[in-house]
Amino acid sequence: MKEIKVTDIKGIRIGHAQNKEGGTGCTAIICEKGAFAGADVRGGGPASRETELLKPINMVQQIHCVMLSGGSAYGLAAGDGAMAYLEEKGAGFDTGFGVVPIVCGASLFDLAVGDAKCRPDKAMGYEACVNSEKEGEPAEGNVGAGTGATVGKFRGPEFVMKSGLGIYAVQIGEVQCAAVVAVNALGDIIDYDTHEKIAGMLNETKDGIGSTAEAMYEEIANERNVFSGNTTIGCIITNAKLNKDQCNKLAQIAHNGYAKAICPVHTSADGDTIFVMATGEADVAADSLGALATEVMARAINRAARKAEPAYGLKAASSLK
């Protein structure tokens with residue numbers, strides 16, 4: 001297995017747009033020729049677009065963009081920008097009366113950071129798509145859908161840390177697999193290799209990371225209002241030959257990557273969602289790809305925490321070194 005650039009996967013482009021002062025942004029993952037796709041929603045508070053279309057029993061087989069955004073449900077409007085962009089390119093499902101681009105997406109809650117009235121909209125979504133045309137690797141950290149991402153929220157904003165967006169890609173033989181993820185979790189971020197905490201809920205002295213799980217155990221008899229902005233949203237990208245059924249199963253399995261890198265995960269206050277986009281070039285054993293996607297997603301989550309920079313008065317992993 002070797003680490004590669006996400007741009008090595010042919011037919012895929014990634015672009016960000018953000019408002020740093022407002023504390024929000026969006027990330028467009030584009031496949032103009034169409035990618036077989038699936039999705040799996042595990043969190044209890046999702047904001048999502050066109051996930052119903054991805055069910056195997058439904059007609060459309062391929063999608064043209066996954067739009068990840070901040071802004072809570074307001075941020076779903078960024079997908080309209082991708083629709084406009086792709087229509088201009090002639091990319092979409094051919095209806096016989098013109099193309100209809102198939103744009104799926106999910107939004108995370110970042111309204112508690114920056115300006116709650118600043119949200120990704122159609123213009124920002126379009127800008128992210130345009131930015132996907134630029135050469136070079138897409139940025140990580142406080143960009144795109146990760147601009148306002150935070151983690152460790154069980155005890156409220158005083159103990160929250162800054163997170164961001166992470167990307168990780170590998171290749172085994174001809175098979176390529178990448179993950180793009182914006183990490184905005186209630187829980188703590190765990191190193192895939194060492195199992196140590198990278199970021200999360202600060203301790204009482206705010207010079208290290210506490211334990212969200214232990215804090216929850218201490219209050220197990222009491223229902224705490226923890227709705228302060230959560231949800232980790234991501235996409236597995238692969239050049240593998242997968243049908244729609246297999247893409248949905250892969251999205252389901254990739255949530256194991258969330259479980260390996262976020263603790264706790266899939267709470268009622270999270271809207272955790274994973275999409276899959278498969279370009280259909282390389283033969284693959286589906287279960288082997290599932291194991292690989294799990295690791296790739298977990299490592300992308302780790303990068304999201306490590307690439308984040310302190311912002312909005314919040315410490316990041318780099319602050320604690």
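Which residues is Leu-289 in contact with, leaving aside its neighbours within four places in sequence? In this predicted model, they are Val-175, Cys-177, Thr-238, Ala-240, Leu-242, Leu-250 and Val-284. Contact here means heavy atoms within 4.5 Å. Residues are numbered from 1 along each chain as its sequence is written, and side-chain values use heavy atoms, with hydrogens and water left out. Local features need pLDDT of at least 70, side-chain atom pairs count only at pLDDT 80 or more, and totals for chains, interfaces and linings use all residues.

Leu-289 belongs to the largest nonpolar core, which has 44 residues. A nonpolar core is a set of buried Ala, Val, Leu, Ile, Met, Phe, Trp, Tyr and Cys residues joined through side-chain atoms within 4.5 Å. Buried means under 20% relative accessible area, exposed over 50%, and partly exposed in between (1.4 Å probe, protein chains only). Ile-189, Ile-236, Leu-289, Met-297 and Ile-301 touch the most other members. At least two residues each come from β11 (165-172), β12 (175-182), β14 (197-199), β15 (233-240), α4 (244-261), β17 (273-282) and α5 (286-307). The greatest contribution, ten residues, is from α5. Helices (H or I, at least four residues) and strands (E, at least two) are DSSP runs, numbered from the N terminus.

Not counting residues up to four places away in sequence, Asn-248 touches Ala-37, Gly-38, Ala-39, Leu-54 and Pro-56.

Val-113 sits in the loop between β8 (103-107) and α2 (122-131). Val-113 counts as buried because its relative accessibility is 9%. Leaving aside neighbours within four places in sequence, its contacts are Gly-22, Gly-23, Gly-148, Thr-150 and Tyr-312. Gly-81 is 32 residues from Val-113 along the chain, and their C-alpha atoms are separated by 23 Å.

The largest pocket holds about 260 Å³ of space. On a 1 Å grid over the protein atoms alone, a pocket is an open set of points where a 1.4 Å probe fits, with protein on both sides within 12 Å along at least five of seven lines; lining residues have an atom within 4 Å of a point. The volume is the space filled by probe spheres set on the points, which are joined across faces, edges and corners. The lining comprises 18 residues, with Ile-14, Asn-131, Lys-134, Gly-136 and Pro-138 nearest the centre. Strand β2 (residues 13-19) supplies the largest share, five residues.
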